[in-house]
Amino acid sequence: MKRVAPIAMILLGLFLAGFVQDAGAQSIAVKVHRVAMSPRLYGTAPAGTFPVSTGLRVVPINMKVYLSTEESGAITTHAWTIVAKPANSTAAIDTPANRFVRFIPDIAGEYIVQVEVDSGKVALDTLQASTYVGMPSTGLNCGTCHAAVKTEWEKTRHATMFTRGISGQLEVEGYGSTFMGVYSKNCVRCHTTGWDQNADNGNYGFLAKQTGFDTTWYKPFTFWNNEYLIPLNDSTSVRNMNTNFPAVAAVANIMCEACHGPGQAHVSGGGNKKLIGVNSEAGSCMQCHDAPNKHRIGSYWAASSHATMPLSGEEAGRTSCWPCHNGDAFARFAKNPAAPNYAGVEIVESISCVACHDPHSEANPYQLRIVTRDKLANGYVVPAEVGGKGQLCMNCHRARTDNKIVVEMQKLVFRDRFYPHYSPQADMYLGTNGYDYGTPIQGIGTHQGLDDGCVTCHMATRINGSSVHSNHEMEMKDAAGNDIVTSCKTCHGSKVDSFDDIQAGADYDGNGSIEAVVKEIDGMLATLKSILPKGADGEPINMSVDFKKDSLTYKSHPEWYGATWNYYFVKNDWSHGIHNTKYAVALLRASLGAQTGVQPIDQTVPGSFSLEQNYPNPFNPSTTIKFDVARTATVFVGVYNTAGQLVATLADGILAPGKYSTQFTGNDLNSGTYFYRLSSTVDGKTTSITKKMVLVK
């Protein structure tokens with residue numbers, strides 16, 4: 001499992017802007033990357049500075065900008081220079097021969113940075129340095145042109161973060177105190193717009209220091225345990241700031257420029273979009289949400305698959321792939337799922353914060369995008385009351401096609417991608433889109449009663465020192481490799497410490513013992529895999545390599561089509577049956593039954609092997625035979641005449657525990673008495689049950 005990488009590895013892997021490639025001997029691509037420097041990446045900040053950076057193209061003057069490169073091929077030298085900058089600027093790269101460098105833009109205007117590597121390969125990047133405008137009570141500000149967005153933003157918690165902090169409200173919201181809040185001077189850094197006490201650019205930290213507000217706002221309050229005790233809703237400091245320090249008030253709270261970069265050039269430049277920062281990377285959020293030890297959401301996210309979602313090859317060239325491989329594309333999809341506007345979409349190789357959270361809207365406490373999933377690919381209507389916040393996840397974690405259409409098309413033309421893509425978790429969770437062989441299993445579920453579906457388990461609270469946050473890594477293992485079973489304990493008991501502690505209801509895989517759900521499901525998958533034809537990779541064939549051969553192989557065994565879909569449906573759910581044990585067992589049971597020639601009746605696990613009397617009896621010409629299998633076994637059901645000769649084979653193969661039925665038709669037989677026998681072999685021992693039936697014509 002991926003974990004949070006050391007800073008050096010992260011910096012080496014980051015990239016953003018364009019490249020120039022030498023057409024010479026070695027094909028090497030070089031890209032300049034603006035590094036989003038979070039507190040976690042930087043480490044302990046030097047005294048008097050807070051050197052974070054959003055990684056945006058628009059940067060504040062007098063504050064550090066961090067740059068690195070992404071390269072393919074072997075590079076031995078780097079030479080960084082600033083090839084263009086405003087008149088009178090003395091800005092310079094600090095360590096021009098390094099791969100990771102810094103510089104401080106000292107005058108507002110445009111800076112063009114160049115890096116040259118071996119053999120003259122060059123990459124350029126353009127940055128715009130500016131100062132902060134804030135949200136003053138008079139004059140131009142972001143709301144002048146973006147009134148609707150400003151109105152919506154003012155409802156968010158970002159818009160009042162600092163003022164709620166110095167009026168005793170934040171701790172009340174977070175910890176339930178009813179009369180007193182606490183706040184510290186360190187909190188201010190992330191609760192205001194820009195913070196560097198030594199950078200003269202209109203940021204909160206500098207203005208608060210210059211005006212003296214940073215040493216006066218806390219004066220009325222009691223200092224205790226390195227924090228200030230503030231009576232709930234005490235507006236003393238807020239009134240003082242608004243009345244006596246209006247310039248400070250203009251950049252107090254987390255305002256537009258905290259995420260979009262300083263906007264003075266944008267405002268004075270007539271709203272030129274090139275003079276304001278906009279992107280869908282995580283850098284803006286990581287300024288504050290990636291600050292261990294207390295604020296670890298960013299640390300968790302950086303270790304997730306969302307943070308490194310691939311967007312290359314087909315994914316980069318097909319808009320159908322974009323929403324689930326690109327944070328910017330998903331944000332656009334969320335606004336209009338029926339007809340998303342992808343014009344000018346930013347190629348972002350991650351599902352970043354803005355994919356799931358709308359920073360401009362306070363539609364719910366977490367600013368989650370409201371994107372319910374009305375239907376799945378097979379037309380199944382997702383019940384409005386099922387999944388809760390997890391319905392947002394279902395937009396990507398779902399099968400892309402209808403199983404029945406794919407299976408039927410495969411029978412006509414054996415083609416590739418004979419599986420439900422790689423993430424059918426929503427389908428599995430809801431109990432649909434598996435190939436059911438006509439059995440009534442759609443909709444059965446194991447965890448559909450969870451209030452927030454996927455979110456309940458995958459984002460359960462993680463406690464790490466003073467950090468208490470929802471698990472944005474979303475993995476079900478922690479850094480030490482232990483299963484995260486926080487939510488499981490609610491139903492399965494406090495003694496559950498791993499998924500291996502959650503037992504299955506029966507010995508589904510037939511190894512002689514009832515094991516953990518994950519082991520039983522894996523065992524059933526292994527049994528099904530042993531039956532299906534396999535390709536060069538050792539897995540069941542899911543795309544045609546030798547079209548003629550593969551087509552003929554499957555056409556001679558039509559029961560393999562649905563079983564192949566189900567094998568990959570259960571396997572590519574990646575939960576080993578945990579998402580919906582009942583449905584996974586039902587699909588694998590039906591798949592094994594299809595290979596044997598029978599059909600499961602229901603999901604009951606019988607206590608013993610048994611054979612029912614056929615019905616009707618006497619019969620003409622067909623009758624139904626039902627039997628029970630108590631353990632996974634090799635089962636044979638045959639029909640014999642009075643001379644003991646086998647006249648029909650009704651079932652022959654491996655079956656999981658369950659109740660089954662099969663049909664016998666005696667069109668080619670004479671009237672008379674016949675015998676049908678159930679033989680089951682477990683651990684090399686065979687037992688048989690025989691009953692009599694009468695055919696009357």
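This is a predicted model: local features need pLDDT of at least 70, side-chain atom pairs count only at pLDDT 80 or more; totals for chains, interfaces and linings use all residues.

1. Residues are numbered from 1 along each chain as its sequence is written, and side-chain values use heavy atoms, with hydrogens and water left out.

2. Have a look at helices H22 (residues 517-531) and H24 (residues 559-571), whose axes come within 10 Å and cross at roughly 145 degrees. Helices here are DSSP runs (H or I, at least four residues), and axes are lines fitted to C-alpha atoms over the stretch in contact, with angles from 0 to 180 degrees between N-to-C directions. Ile521, Leu525, Leu528, Lys529 and Ile531 of H22 meet Trp560, Ala563, Tyr567, Val570 and Lys571 of H24 (contact means heavy atoms within 4.5 Å).

3. In H7 (residues 204-211), Tyr204, Gly205, Phe206 and Ala208 are buried (under 20% relative accessible area, 1.4 Å probe, protein chains only). Their cover includes H5 (161-165) and H9 (246-249). Glycine 212, with a positive phi near 90 degrees, follows H7.

4. The largest nonpolar core has 66 residues, and Ile521, Phe627, Val635, Val639, Phe664 and Met693 touch the most other members. H24 gives the most to this core, with 8 residues. A nonpolar core is a set of buried Ala, Val, Leu, Ile, Met, Phe, Trp, Tyr and Cys residues joined through side-chain atoms within 4.5 Å.

Key
Helices (H or I, at least four residues) and strands (E, at least two) are DSSP runs, numbered from the N terminus. Buried means under 20% relative accessible area, exposed over 50%, partly exposed in between (1.4 Å probe, protein chains only).
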